[in-house]
Amino acid sequence: WPTGWLVAAAAITATAGINSFSRRRLVEELDEVAQSAEQAAVRDPLTGLVNRRGLSLLGQQIVEVARRTGDAVHCIYIDIDQLRHVNEVAGEDSGDDVVVSVSDALRSITRGTDIVARWGGDEFCVIGPGPGMSPVELERRLRDRILLSPPVAIDIWDPKVCAGGAMLAPWDSGTLDTLLGKADQEMYLRRALRRGGSR
C-alpha cells in the first residue's frame, strides 16, 4: 500500500506539474500573441519600420524629451519618385522591392537616435533630436546606398527620392504635427520646383 500511495502521489504531482507547465505555457503564448498584435499595430508589415501610429507615439516622446533638454527636433519627409511606374511596368512585387530597398537604405544612413517610419505607400519620415542632415544630403546618400544593390533594373527605376526637411527649435511651441506638416510642405515644394512648377 505505501508503494501504491507513493506512485499515486507521484502521478498527481506530475499531472499537477504538467498542468501548471501547460498553464504557464498558455499564458506565455497568449502574451506573445498580445505582443505581436501590439507590434502589428505600430509596425509596417512590409518593411518592419514603425507605421504612422508608431511614429506618432515615438515622435511625441522625442519632442517632449527635446523640450526638456533644450534640444531641437528635425523631420525629413521622403517620397519615392516613380513608384507607380515601377508597379505598372514591372509589377507590384517589384514595387514592394523598391519600398523595402528604400527602407533598408534609410535605416543604414540615419542615426540610431532617429526614428524611421513608413508614412504610407511611397512615403517615409525620419524624426530625431538635433538639426539632422539636410534633405539634399539624405537624397544623395540614399541614392548611393541603393545603387550598391538596386532592387530593379535602372531603366525601370533610377533610384531617386524627393525629400523635404523641417526643424522644431527648443523655444518653438509647435507640435509633432506642425513639424510633419512643414517637412511635407517642403518636400512638395522641392518636387514641384524639380518638375518645373507642377505639383
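Predicted model: local features only at pLDDT ≥ 70, side-chain atom pairs only at ≥ 80, totals over all residues.
Residues are numbered from 1 along each chain as its sequence is written, and side-chain values use heavy atoms, with hydrogens and water left out.

## Overall layout

The protein has six helices and four strands. Helices (H or I, at least four residues) and strands (E, at least two) are DSSP runs, numbered from the N terminus. Their order from the N terminus is α-α-β-α-α-β-β-α-β-α.

The protein has 199 residues, and 37% of them count as buried. Buried means under 20% relative accessible area, exposed means over 50%, and partly exposed lies in between (1.4 Å probe, protein chains only).

Contacts (heavy atoms within 4.5 Å) reach along the chain. Among those with a separation of 6 or more, 68% join residues 24 or more positions apart.

## Helix α4 and its partners

Helix α4 covers residues 92-109, and helix α5 covers residues 135-147. Their axes come within 9 Å and cross at roughly 115°. Axes are lines fitted to C-alpha atoms, for helices over the stretch in contact, and angles run from 0 to 180 degrees between N-to-C directions. The crossing of α4 past α5 is right-handed. A crossing is right-handed if the near helix is turned clockwise from the far one by less than a right angle, and left-handed if anticlockwise.

On the α4 side, the contact with α5 uses Ser101, Val102, Ala105, Leu106, Ser108 and Ile109. On the α5 side it uses Leu138, Arg141, Leu142, Arg145 and Ile146. By class, this contact has seven nonpolar, two polar and two charged residues. Ala, Val, Leu, Ile, Met, Phe, Trp, Tyr, Cys and Pro count as nonpolar, Asp, Glu, Lys and Arg as charged, and the others, Gly among them, as polar.

Helix α4 also meets α3. The axes of α3 and α4 come within 7 Å and cross at roughly 145°. Leu83, Val86, Asn87 and Ala90 of α3 make this contact with Glu92, Ser94, Gly95, Val98 and Val99 of α4. The contact of α3 with α4 has five nonpolar, three polar and one charged residues.

## Residues in the helices

Valine 86 sits in α3. Its relative accessibility is 0%, so valine 86 counts as buried. Beyond four places in sequence, valine 86 is in contact with Gly91, Ser94, Gly95, Val98, Ile156 and Trp157.

Valine 99 belongs to α4. Valine 99 counts as buried because its relative accessibility is 2%. Beyond four places in sequence, its contacts are Leu46, Thr47, Ile80, Leu83, Arg118, Gly121 and Phe124.

Valine 102 is also part of α4. Valine 102 has a relative accessible area of 0%, so this residue is buried. Beyond four places in sequence, valine 102 is in contact with Ile80, Phe124, Leu142, Ile146 and Trp157.

## The loop between β1 and α3

Aspartate 81 lies in the loop between β1 (73-80) and α3 (83-90). Aspartate 81 is buried because its relative accessible area is 12%. Beyond four places in sequence, aspartate 81 is in contact with Trp157, Lys160, Val161, Cys162, Arg191, Arg194 and Arg195.

Glutamine 82 is in the loop between β1 and α3. Glutamine 82 has a relative accessible area of 48%, so this residue is partly exposed. Phi of glutamine 82 is near 65°, a positive value in a residue other than glycine.

## Pairs across the chain

| Pair | Apart in sequence | C-alpha to C-alpha |
|---|---|---|
| Aspartate 81 and proline 159 | 78 residues | 7.9 Å |
| Valine 86 and aspartate 97 | eleven residues | 9.9 Å |
| Valine 99 and threonine 47 | 52 residues | 7.6 Å |
| Valine 102 and arginine 143 | 41 residues | 8.9 Å |

## The cavity

Rolling a probe the size of a water molecule over the atoms shows where empty space is left. The structure holds one cavity of 30 Å³ or more. On a 1 Å grid over the protein atoms alone, a cavity is a set of points where a 1.4 Å probe fits but cannot get out, and lining residues have an atom within 4 Å of a point. Grid points are joined across faces, edges and corners, and a volume is the space filled by probe spheres set on the points.

The largest cavity holds about 30 Å³ of space. Its lining consists of Val63, Ala66, Arg67, Asp71, Val73, Leu168, Ala169 and Pro170. Helix α2 (residues 52-69) gives the largest share of this lining, three residues. By class, the lining has six nonpolar, no polar and two charged residues.

Methods
1 Å grid on protein atoms, 1.4 Å probe; cavity = no way out; pocket = protein on both sides within 12 Å on 5 of 7 lines; lining within 4 Å.
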